[in-house]
Every structure is written in C-alpha cells, then in structure tokens.
Amino acid sequence: MKVIQLICVMIVIILNFSQIESKTFSTCELVNDLNKLYEVPRESIYKHLCIFGENLYTNRASEKFFGIYRIGSQWWCGKDDPDGKCDAKCSDFLDDDIADDVACASKILRDLGKLF
C-alpha cells in the first residue's frame, strides 16, 4: 500500500512540475518591449540585458538569482515578503510580467551608478 501512495505522490509532483511555463522572448521582441512598454532608453538596453554579469554586491554562495535579470536575493529582494533594495519578493521576478523586473534592474543600475 505504501508503494502505491509513494507512486501517487510522485505522479502528482511530476504533473505539477510539467505545468510550469514561462514566456520566451526573441532578442528583438525583448528589446522592443523594454523600449516601448517599459520606457528603457535604447542606449540603456545593453546595460539591462547584461546586468546579470555585473557585480551586484554578491558574496555569498547561498545567494539565489531570480527572473530574466537574475536578480540576487542577498541585497535586492525578499524570500517571503517584499524586502531588499527593490522592495519586492524574489518570486515576483518569476512570472510573465517583467515590469517589476525592469523596475528593479533600473534601481540596481542606478544604485551602481551605471544608468542615467
């Protein structure tokens, strides 16, 4: 009986993971969205797209990264509640709406003196 219960639990877990979806952008679509929808100046788009390569005060091996910009959990977002310098939950950066991702990336770049 326990084997059947274990198999049922495994099936439920697999089905839940198979339902996870994300939006896929082409490079041009992302550039156009950043510029038109989120008003990121074209001259700043490179900085936005390459933010994950920046030193974002990362120094812990336990830090996790979230969303399209790989926003770090140590300084920029909170695990369970809105927190960090972006005043956001890290999980907010995992949905299809990138408006909060863009806002946090702009904040990071401004704080690092690399934007505007």
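## A loop residue as a starting point

Glutamate 39 is found in the loop between α2 and α3. Helices here are DSSP runs of H or I with at least four residues, strands are runs of E with at least two, and both are numbered from the N terminus. The structure is a predicted model, in which local features need pLDDT of at least 70 and side-chain atom pairs count only at pLDDT 80 or more, while totals for chains, interfaces and linings use all residues. Residues are numbered from 1 along each chain as its sequence is written, and side-chain values use heavy atoms, with hydrogens and water left out.

Phi of glutamate 39 is near 55 degrees, a positive value in a residue other than glycine. Most residues other than glycine have a negative phi. Glutamate 39 counts as exposed because its relative accessibility is 67%. Buried means under 20% relative accessible area, exposed means over 50%, and partly exposed is in between, with a 1.4 Å probe and protein chains only. Arginine 70 also has a phi near 55 degrees, again a positive value in a residue other than glycine. Arginine 70 lies in the loop between β1 (65-66) and β2, and it is partly exposed, with a relative accessible area of 41%.

## The chain as a whole

The protein chain has four helices and two strands. Read from the N terminus, the order of elements is α-α-α-β-β-α. Of the 116 residues in the chain, 27% are buried.

The accessible surface of the chain comes to about 8,000 Å², and 56% of it belongs to carbon and sulfur atoms. Such areas come from the Shrake-Rupley method with a 1.4 Å probe, and for residues only the protein chains shown count as cover. Among the contacts (heavy atoms within 4.5 Å) with a separation of 6 or more, 40% are between residues 24 or more positions apart.

In helix α2, the residues Leu30, Val31, Asp33 and Leu34 are buried. They are on the same side of α2 because they cover an arc of only 165 degrees around the axis. The arc is that of the directions from the helix axis to the C-beta atoms. Cys28 and Lys36 are exposed on the other side of α2; for cysteine 28, the relative accessibility is 58%. The buried residues of α2 pack against α3 and α4.

Helix α3 (residues 42-49) has Ser44, Ile45 and His48 as its buried residues. Their arc around the axis is only 125 degrees, which puts them on the same side of α3. Glu43 and Tyr46 are exposed on the other side of this helix. The cover over the buried residues of α3 includes α2 (27-36) and α4 (99-111).

## The nonpolar core

A nonpolar core is a set of buried Ala, Val, Leu, Ile, Met, Phe, Trp, Tyr and Cys residues joined through side-chain atoms within 4.5 Å. The largest one has 19 residues, of which Leu34, Ile71, Phe93 and Cys104 touch the most other members. Helices α2 and α4 each supply at least two residues of this core, and the largest share, four residues, comes from α4.

Leaving out residues up to four places away in sequence, isoleucine 71 touches Lys64, Phe65, Phe66, Trp76, Phe93, Asp101, Cys104 and Ile108.

## Disulfides

A disulfide is a pair of cysteine sulfur atoms within 2.5 Å, and by this rule the count is two. With bonded cysteines counted along the chain, the pattern is 1-3, 2-4. Cysteine 77 and cysteine 90 form a disulfide with their sulfur atoms 2.0 Å apart. This link is right-handed, with 95 degrees about the S-S bond. Cysteine 77 and cysteine 90 lie in the loop between β2 (71-72) and α4, so the pair ties together parts that are 13 residues apart in sequence. Cysteine 77 and cysteine 90 are buried.

Cysteine 86 and cysteine 104 form a disulfide with their sulfur atoms 1.9 Å apart. Their link is right-handed, with 80 degrees about the S-S bond. This pair links distant parts of the chain, 18 residues apart: cysteine 86 is in the loop between β2 and α4, and cysteine 104 is in helix α4. Cysteine 86 is buried at a relative accessible area of 16%, and cysteine 104 counts as buried at 3% relative accessibility.
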